[in-house]
Amino acid sequence: NEDKVYTSASLYKLYVTYAVLNKVDKGELTLDTPMDAVGGTVASYITKTITLSANETASALAELVTWDYIEEFIHENGFTNTTFNLYQSGGVTYTGTLQTTASDVTKIINKLYDKELLSETSTDYFINQLNNQQLTYALNRGLTDEVFFAHKTGILDDVSHDAGVVT
């Protein structure tokens, strides 16, 4: 079922992070770019987005670079089965049902590990965030500390995902 479309749950955060780090690589943002008035930065928001799966920080990062930009960017880079089902209302962009496929998720993780997505610095940073995933309810249950498992989880009432690389 690699091309079957599923609700992405929090796996959409992989694509948000990819787009934000691409902007960092292009010099349009830095990891120190302020996100709020209390000292939050792009880096701290990415950490909360990936390791804690915080929806508020993911949404703020997406709004920083815009949902429209992220969707166009990921489609241009080959992740054409992933969509945020964007729609406009009153001049504001909203997301509908977030969807992806196993093939797109596999592709983004493989391209990240093959160093084909981002600069070496951003790649290492992204992988480190995935390695520090705090949600340990799925694939990594029972793994010893000697096993390196960089992954992203996604859970809703009716779906549960966990995708990553084990070494």
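## Salt bridges

Glutamate 116 and lysine 111 are paired through their side chains in a salt bridge, at 3.5 Å from N to O; the term requires a side-chain nitrogen of Lys or Arg within 4 Å of a carboxyl oxygen of Asp or Glu. The model is predicted, so local features need pLDDT of at least 70 and side-chain atom pairs count only at pLDDT 80 or more, whereas totals for chains, interfaces and linings use all residues. Residues are numbered from 1 along each chain as its sequence is written, and side-chain values use heavy atoms, with hydrogens and water left out. Lysine 111 has a relative accessible area of 26% and is therefore partly exposed, a class lying between buried (under 20%) and exposed (over 50%), computed with a 1.4 Å probe and protein chains only.

The count of salt bridges under this rule is four. Aspartate 124 and lysine 115 form one of them, again with an N to O value of 3.5 Å. Aspartate 124 is partly exposed because its relative accessible area is 38%, and lysine 115 is partly exposed at 45%. Shared partners link Lys23, Lys26 and Glu28 into one salt-bridge network. Within this group, the closest N and O atoms of lysine 23 and glutamate 28 lie 2.9 Å apart. Lysine 23 is buried, at 15% relative accessible area, while glutamate 28 is partly exposed, at 43%.

## Nonpolar core

The largest nonpolar core holds 42 residues, and Tyr18, Ile70 and Phe126 touch the most other members. Such a core is a set of buried Ala, Val, Leu, Ile, Met, Phe, Trp, Tyr and Cys residues joined through side-chain atoms within 4.5 Å. At least two residues of this core come from each of α1 (12–25), α2 (42–51), α3 (55–65), α4 (67–76), α5 (102–113), α6 (120–131) and β6 (160–166). The largest contribution, nine residues, is made by α1. Helices (H or I, at least four residues) and strands (E, at least two) are DSSP runs numbered from the N terminus.

Leaving aside residues up to four places away in sequence, isoleucine 70 touches Tyr15, Val16, Ala19, Ala62, Val65 and Phe84, where contact means heavy atoms within 4.5 Å.

## Surface patch

A nonpolar patch on the surface comprises Tyr87, Val92 and Tyr94, with about 280 Å² of accessible area together. Patch residues have over 30% relative accessible area and no salt bridge; like charges are joined within 9 Å, and nonpolar side chains (Val, Leu, Ile, Met, Phe, Trp, Tyr) within 5 Å. Accessible areas follow the Shrake-Rupley method with a 1.4 Å probe, and for residues only the protein chains shown count as cover. Tyrosine 94 belongs to strand β3 (residues 92–94) and is partly exposed, at 37% relative accessibility.
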